[in-house]
Amino acid sequence: MTLTGELLIGAADVAATAGTMKALNPATGEVIEPEFAFGGAAEVDRALRLADEAFDSYSHTALAERAAFLDLVADKLEAVKDELAARTSLETGLPAAQFEGEILRSAANFRKFAGVVRQGRFLQAAIDPAQPDRQPAPRMDHRLQKVALGPVVIFGAGNFPVSYSVAGGDTASALAAGCPVVLKAHNAHPGASRSRAASSGRPSPRRDCTKASSR
């Protein structure tokens, strides 16, 4: 995988419009290549608009297709595990072995959500019939069904560069529910975030279902 510093918006690499930065190895003080792009209001608006446009199609994907997508993300994470762990180690000063385990757990989370989606039970309606004669007060008819409401915006965490980042549990649950994702990576680990976005954000059942922005 060739690491570049462009923004990733939809399926496109986008050059910097508001400056750049480089990552820092906190263990050595070394500045790490490459330069990573900052975007402005126009880039944020573009990512949000694309995610909104993708919502109608992605939220109505067949459950089997959506589950297959989640499994594919897991496969791609595992395929680049060593490379992702090494880059995350550089940007955090923590052992690569720690992140190899976290990446495997993230992949497992995507597969667990894929299983939930395949079963489809989360879409079943819960119905509590009315009880007009209940005392001391009648009970109205209660009905509940879980539905996707729209795109989800996720802010990557500085202290959890894998579990709460580009391909973390928040992203997995949002995609499982049928919601496109816009993600703002944390400045402390831009390379690790960009690598995960490139490996997990592109293979969607609808080409534009995930909208990952690296800055």
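**Helix packing**

I started with α2 and helix α4 (residues 96-119), which pack at an angle of about 170° with their axes 8 Å apart. For the record, axes are lines fitted to C-alpha atoms, for helices over the stretch in contact, and angles run from 0 to 180 degrees between N-to-C directions. So α2 is roughly antiparallel to α4 (angles under 35 degrees count as roughly parallel, over 145 as roughly antiparallel, 65 to 115 as roughly perpendicular and the rest as oblique). Helices here (H or I, at least four residues) and strands (E, at least two) are DSSP runs, numbered from the N terminus.

Before going on, I noted that this is a predicted model, where local features need pLDDT of at least 70 and side-chain atom pairs count only at pLDDT 80 or more, while totals for chains, interfaces and linings use all residues. Residues are numbered from 1 along each chain as its sequence is written, and side-chain values use heavy atoms, with hydrogens and water left out.

Which residues of α2 meet α4? My list for α2 includes Leu63, Arg66, Leu70, Val73 and Leu77, and on the α4 side the residues include Ile103, Ala107, Phe110, Phe113 and Val117. Contact means heavy atoms within 4.5 Å. By class, I have 14 nonpolar, one polar and six charged residues in the contact of α2 with α4 (Ala, Val, Leu, Ile, Met, Phe, Trp, Tyr, Cys and Pro count as nonpolar, Asp, Glu, Lys and Arg as charged, and the others, Gly among them, as polar).

Next I checked helix α2 (residues 63-79) against helix α5 (residues 169-177): the angle is about 160° and the axes are 9 Å apart. That makes α2 roughly antiparallel to α5 as well. Arg66, Phe69 and Leu70 in α2 meet Ala172, Leu175, Ala176 and Ala177 in α5. This contact has six nonpolar, no polar and one charged residues.

**Strands and peptide bonds**

I then turned to strand β3 (residues 20-24) and strand β4 (residues 31-37), which run antiparallel and are joined by four bridges. Two strands pair if DSSP finds at least two bridges between them. Thr20 stands opposite Ala37 in β4. The two strands form a hairpin with six residues between them, and Gly29 in the turn has a positive phi of about 80°.

Which residues does a cis peptide bond join in this part? I found Glu33 and Pro34, with omega about 0°, and Pro34 lies in strand β4. Another cis bond joins Gln135 and Pro136, with omega about 10°. Pro136 sits in the loop between β5 (126-128) and β6 (142-144). A reminder to myself: most peptide bonds are trans.

**Single residues**

Is Thr171 buried or exposed? Thr171, found in helix α5, counts as buried because its relative accessibility is 5% (buried means under 20% relative accessible area, exposed over 50%, partly exposed in between, with a 1.4 Å probe and protein chains only). Beyond its neighbours within four places in sequence, Thr171 is in contact with Phe110, Ile154, Ser165, Val166, Val181 and Leu183.

Ala126, in strand β5, counts as partly exposed at 40% relative accessibility. Leaving aside neighbours within four places in sequence, I found Ala126 in contact with His142, Arg143 and Leu144.

**Whole chain**

Last, I looked up the totals: the chain has six helices and nine strands, and 41% of its 215 residues count as buried.
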